[in-house]
Amino acid sequence: MTEESTYYENLITRYFSGEAGENEIAELSSWLRESEANRDVFIQFRNAWHALGEDLVMESIDIDQEWSELEAKLSSGKMVEMGRRRTIRVVTRIAAAVIILLGIGFLFRSMIFGGDKTIEVLAQNEVIETTLPDGSKVTLNAGSTLEYPKNIDENDQRTVELRGEAHFEVAHNPEKPFIVSAGDYRVEVLGTSFYVNTNGPEGKIQVILIEGSVAVYHKYKPEEKTILEPGQQAEAQPETKEISTGNTFEEYFMVWKTRSMSFENERLDRVISIVSKAYNIPITLKNPASGNCRLSVSFEDQTLESVLKVLESTLDLQISKDGKGYIVDGQACD
Amino acid sequence: MTEIRSIDSKGLTKASFEEMFRKEFKNLVIFSLKYVKDMETARGIVQDCFIYIWEKRENMDEDKNLKSYITTMVYNRSLNYLRDNKKFDRNILEFEGLMDEKSEMADSGIMTRELKGEIHEAIGSLPEKCREVFLLSRQENMKYQEIADHLGISVKTVENQMGKALKMLRERLGPYLPLLLLSIFQYKDLIFLLN
């Protein structure tokens with residue numbers, strides 16, 4: 001076991017270590033052609049080398065560092081991209097549905113995952129709208145993910161999994177209930193239009209019914225269904241497994257989809273927070289005292305730039321870009 | 001199988017590009033390393049391929065399978081490196097099973113816990129000096145000369161320790177090698193057999 005390695009064993013090892021030069025490679029090549037026995041030794045060394053090495057190589061790569069190195073090299077291209085993005089954003093919302101229909105802008109990737117074929121839709125930087133194979137429409141807020149089986153319309157139940165915020169318009173089919181899996185809770189759809197947020201206030205799962213009828217239940221208590229009426233909200237506690245219902249909820253829960261806002265003598269800090277939610281961009285008040293100023297204004301699916309311009313001129317504010325977001329500066333009102 | 005659709009205003013977003021990078025980078029480096037046998041070169045090739053993809057993202061066919069596209073690019077550039085550095089020998093590459101990129105997609109890095117444990121034990125059982133040299137080569141990606149300088153020994157000694165390490169590891173892992181042989185490079189098959 002401890003016998004020393006031979007000349008050719010060293011040569012093979014040199015070859016795999018990347019130490020062998022042109023002449024040594026030629027030497028190894030002709031030695032391999034000499035006999036089957038030589039090739040056997042070579043193959044065994046190769047297998048041992050790969051089996052032993054990959055784990056170590058994997059561990060030696062720091063993926064975060066690799067990414068920042070790459071990102072630095074991309075930086076010159078990044079400027080171009082930002083400029084291009086800005087112009088696109090204005091038309092994105094109109095174009096989104098068309099783009100999806102045309103199938104442009106999809107990046108397909110396959111990976112071994114075992115089991116059924118599922119589709120995962122990620123809304124990355126933009127709100128996106130997608131139509132499921134059964135005809136149901138889903139609007140996903142940026143940063144949210146929806147997963148569903150590819151053959152959803154062939155199953156007895158239409159089950160989709162949501163992480164984040166979405167609005168659903170479910171295609172009616174009483175034979176095949178539509179079920180949204182939201183954390184440990186299930187929203188079973190008996191009708192049409194509703195909103196689900198798995199990241200609700202205080203970690204709650206939020207369901208708001210707009211039209212039709214839905215049932216909400218914990219996954220282990222499917223018999224204890226809470227049926228919602230249109231205009232009602234259900235809030236589910238992850239810990240206590242309790243579901244409470246009510247008619248009062250954030251008026252602008254869907255503002256990221258509609259971008260429709262109508263304020264009547266509303267405080268500036270509240271307006272800023274809704275606009276921030278609508279455009280998924282951080283906006284901060286430099287002088288928190290100025291949050292007490294009030295204004296009346298409506299916006300109907302306008303660009304962020306035009307919304308900010310209106311705010312600026314209405315209350316004599318200075319709005320400036322700050323990194324990814326905006327800073328609003330102004331005096332407090334009496 | 002899971003398909004991921006990443007939908008945005010443009011085909012390849014920064015976020016989906018980063019996601020692909022984080023998911024595939026290591027496997028592609030290991031893939032390239034099988035050809036070029038030098039860690040820095042393999043890293044450079046894979047980094048360059050990602051940069052190329054990013055720069056050409058506008059012209060990318062959106063439905064194209066990016067993973068197989070980039071794998072082919074890494075394969076071609078790895079072979080070009082060997083040619084440019086006069087290290088290309090078709091004969092040896094064929095014995096290694098590397099002349100057909102399809103024979104070995106960049107899907108390695110999958111190993112059973114059992115085999116991993118065996119491997120760690122095998123490395124642990126090497127004589128101290130031998131293990132030290134071997135780990136500097138494989139884990140720290142040092143060249144023979146660098147190891148010699150680092151440990152204050154001759155390059156010849158490094159060479160002998162490396163040869164000995166691999167020989168001993170091969171013997172120690174003997175029971176597994178027929179499996180590796182049976183499934184030349186098909187790690188998925190290997191896992192199937194071990195399970």
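Residues are numbered from 1 along each chain as its sequence is written, and chains are lettered from A in the order in which they are written. In this predicted model local features need pLDDT of at least 70, side-chain atom pairs count only at pLDDT 80 or more, and totals for chains, interfaces and linings use all residues.

Select chain A. It has 7 helices and 20 strands (DSSP runs numbered from the N terminus: helices are H or I, at least four residues; strands are E, at least two). Of its 334 residues, 29% are buried (20 or more other C-beta atoms within 10 Å of the residue's own, with C-beta atoms placed from the backbone).

Next, select S17, S20 and S19 of chain A. They form an open sheet in that order, with mixed pairing (strands pair if DSSP finds at least two bridges between them). S17 (283–285) and S19 (318–322) of chain A are at the edges with a single partner strand each, so one side of each has no neighbour in the sheet. S19(A) and S20 (residues 325–329) of chain A run antiparallel, joined by 5 bridges. To find one of them, pick Ile319(A), whose bridge partner in S20(A) is Val328(A).

Now go to chain B and select H2 (residues 39–55) and H3 (residues 66–84). Their axes come within 10 Å and cross at roughly 135° (axes are lines fitted to C-alpha atoms, for helices over the stretch in contact; angles run from 0 to 180 degrees between N-to-C directions).

Definitions and conventions:
A residue is buried if 20 or more other C-beta atoms lie within 10 Å of its own, exposed if 12 or fewer, and partly exposed in between; C-beta atoms are placed from the backbone.
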